[in-house]
Number of protein chains: 2
Amino acid sequence: MIRSIEESPLYPIINPRSIAFFGASNNFLRMGSMMLSSVQALGYEGKIYPVHTKEKEVRGLPAYAAVADLPEAPDLAIIVLPTDIVCQTLEDCGKKGIRRAIVVSGGFREAGPEGVERQKQLTAVARRYGIRFLGPNCLGIANPYRKLNPTTITAEGDPGFVGLASQSGSFITQMFNYLHRQGLGFSAAVSVGNEANLDIVDCLEYLGACPYTKVITLYIEGITRGKAFVEAARAITPHKPIVALYVGGSEAGRKAGLSHTGSLSGPNEIYDGIFRQCGILRAQTLAEMFDYALALGTLPKPAGNRVVIQTHSGGPGATAADACGRAGLTLPALSADTVEKLKPMIPKTASTANPLDLTYSLNSSENFYNIPDILLGEKNADVLLAYILSPGIFVDRVLREMGVPEEAIPAERERLLAQHAAEFASLRELHPDKPVVGFTYRSLQEKMVRSLLDRGVPVFPDPERAARAIAALLQYHRGRDKAAAGKRR
Amino acid sequence: MIRSIEESPLYPIINPRSIAFFGASNNFLRMGSMMLSSVQALGYEGKIYPVHTKEKEVRGLPAYAAVADLPEAPDLAIIVLPTDIVCQTLEDCGKKGIRRAIVVSGGFREAGPEGVERQKQLTAVARRYGIRFLGPNCLGIANPYRKLNPTTITAEGDPGFVGLASQSGSFITQMFNYLHRQGLGFSAAVSVGNEANLDIVDCLEYLGACPYTKVITLYIEGITRGKAFVEAARAITPHKPIVALYVGGSEAGRKAGLSHTGSLSGPNEIYDGIFRQCGILRAQTLAEMFDYALALGTLPKPAGNRVVIQTHSGGPGATAADACGRAGLTLPALSADTVEKLKPMIPKTASTANPLDLTYSLNSSENFYNIPDILLGEKNADVLLAYILSPGIFVDRVLREMGVPEEAIPAERERLLAQHAAEFASLRELHPDKPVVGFTYRSLQEKMVRSLLDRGVPVFPDPERAARAIAALLQYHRGRDKAAAGKRR
């Protein structure tokens, strides 16, 4: 195990001070050009040296005819060239003194016997020069904290706490937007491709040591170094959660993985066993993996599985209750003390059962502060799950009816919704040991929910996803406690 | 069973020509006022008679001090009054000759023994006057085709083909926005509340006969008239699919339902049996229910369960393959003939397996027309599932790099994306017997996907939801064929 992030062979790849870029040109339709364009768009502050046999300048940067001509040996080479010249290029990089590379080009192990042979040559070159590299057949890395995104699609959203190591490049470059919409962002993301040199175990070690990464997520089609993987994961999960999506378990998933990165998968049961051994949570879908990450990265350890649900509509209360039940969570009755405190604040028609159904009520500041505050004080409950319904169109109508002039409505609505979000989010300071979770059936991008997400309050687009994420949070902490107790014995 | 929609006792409630409105006032903070405001906002063209003891005018409409004063007996009374005056008001309506009502007020069966007694009185009044009513403790109906939305929240989106009968009012009023975002809309939605008079069976019969309703969805906390429910459903499912969400099966769901509408639930197994008997598909979540509705309402009957996946990224291809495998769908190999046709159109790095992974390719018109056209011609496949990735930011960047002036980019981008959507959607005409389904990890509201949804091509926000919806479509048609074969024997 590495003791600090700088020890990782991935460190210069994820945090390069300078990059030699092969395959970018002034023809924008080339993949390499797009990747360089993404780097420029996010504002990378290191040095970029495009290498191009003909162009004097590439995308506004002085270009070099050969890597030998560079004024220094950059930290990293990114190679997006036709398959047949990749080996020679890596060799040239080695001669120049470059010791890290991302080989984006495909046509290796995933492309049949000839490709397998070619991949052997590539690793031999790397070995000769002491080069550590990602790929081939990968999309490299994204490090929003260094404003570095050498992938095909422009980055969106802010840096976050999700570390991703992926056997699919798509899930690096195509997830910026998805993560942002769910209230998440990458701390660092690594696409390992065919794993000819650096692999998912190296990523685990890097992300385990990465201070920005609060939760590690893994997209896996097949693990090669099983023992090393288990060892690395076991060292990490006691202090940092790992969530894995494994798609090689079904026949269809296995075949797709094989033609994608040539990886060897195994039955679900084997992978379940591996994950269990080292305290990794297994997600069944990509959405679930990031849902778990959201809960794990934002919520404190719950004392137990008892959830109190706050709703002002019976149906969403019932679907949330049902979802909690199916996820192994329980819904304790509210204690007499809590009911007593609630009484003055809730309408006669409200139910003081759990779910607490406030029914029709317009005093939304109580809904988003006083009432959840009381529920968080409930000694029989460990988690608050609140239904968030505060659409702008609804607020607009109320304001309009209250006589607020039409032109003042948008600003007043935004102010009100931001205030509700701030109040609700501030409850975490009063109850630091109790997870506060929301769900909604409206868009996560509407003001109040977006504002909660931006403040680090997890809100899920349906109660089932919320309940499963809470269950995953519990599972992680229980596993961790059990492992710690085992060690103490 | 009813032979036409007009025979349904619900017909005048869902399609009233005139409404007496009790409980709306000039105090907007009253629930009744909000409901009347929603009616006015959607532009209902029938007559509205607010009844108010003090106000001469309510929300701009002439008000009547008593229902006896109305110039006619309206088709429908909507009652949003304090619990204690509901019975008397219904009696007054009866005397006036009104024969249909929606009782929104709560405080009946769901509110303990006293409420049970009160509900008995209410039904007795109705019996005496031959009144059929929805509720109490409900939100009534929404009928977008009549521009009628007497619920608490303003309607959003267009009318659609989803009929909903719900034991939760929230799922009527709070789902407009959700449905619209998924490419759906209500044909008619009914909140049954405590079902003191009209119940979910009546709704089934209405929606079964409703020409706008292509798929019936049910939110169920507990069924009272089991035998009638089964009979009604069995008569409908051979010609119109029904999807049900039942939440009373878990302990938590059961309790929530009890305090919500006082309904009596039963174990999951019993409900599974009921649903199976009458060909109803059971959804596990609200999202799933509407996902199934989207597939059932837009797609033709697939010949079988063989899916061909089109992707240009390995990861999404693999998650889709895995999702199909888990949903009981198979991924046939592409025939030699198909591979031959594809070859000239796809890059060297592409995989001609299934998923067909186009890898990096910029010729998006081939991606969205020629290539899926070939895949839809594949004789070994019954369904096409395509990964849709065409973000505006990506198109913008390409246009900018091609030298399109900055001010011309937005319009050009919208035009291009709409064109791709139109081309892709037009494939359904060439292959009318093969379901065409999309999935994306980006927002459904981005231009191309939104345009597909608007054209009735189902696109799901992840491959698992797409695969499960395809499986539900198959399940429905297999059940229907089996039932038809049984009848012929």
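A crossing is left-handed if the near helix is turned anticlockwise from the far one by less than a right angle, and right-handed if clockwise. I worked from a predicted model, in which local features need pLDDT of at least 70, side-chain atom pairs count only at pLDDT 80 or more, and totals for chains, interfaces and linings use all residues. Residues are numbered from 1 along each chain as its sequence is written.

Entry 1, a helix pair. I looked up helix 16 (residues 409-430) and helix 17 (residues 447-454) of chain A, whose axes come within 8 Å and cross at roughly 40°. The two helices are therefore oblique to each other (under 35 degrees is roughly parallel, over 145 roughly antiparallel, 65 to 115 roughly perpendicular and the rest oblique). I noted the crossing of helix 16 and helix 17 of chain A as right-handed. Helix 16 contributes Glu414(A), Leu417(A), Ala418(A), His420(A), Ala421(A), Phe424(A) and Ala425(A) to the contact, and helix 17 contributes Lys447(A), Met448(A), Ser451(A) and Leu452(A) (contact means heavy atoms within 4.5 Å).

I located Glu91(A) in helix 3 (residues 86-96) of chain A. Glu91(A) is buried, with a relative accessible area of 16%. Leaving aside neighbours within four places in sequence, I found Glu91(A) in contact with Val125(A), Arg128(A) and Tyr129(A).

How values were computed: Chains lettered and ligands numbered in written order. Heavy atoms only, no water. Axes fitted to C-alpha atoms, helices over the stretch in contact; angles between N-to-C directions. Helix = DSSP H or I, 4+ residues; strand = E, 2+ residues; numbered from the N terminus. Buried < 20%, exposed > 50% of the residue type's maximum accessible area, 1.4 Å probe, protein only.
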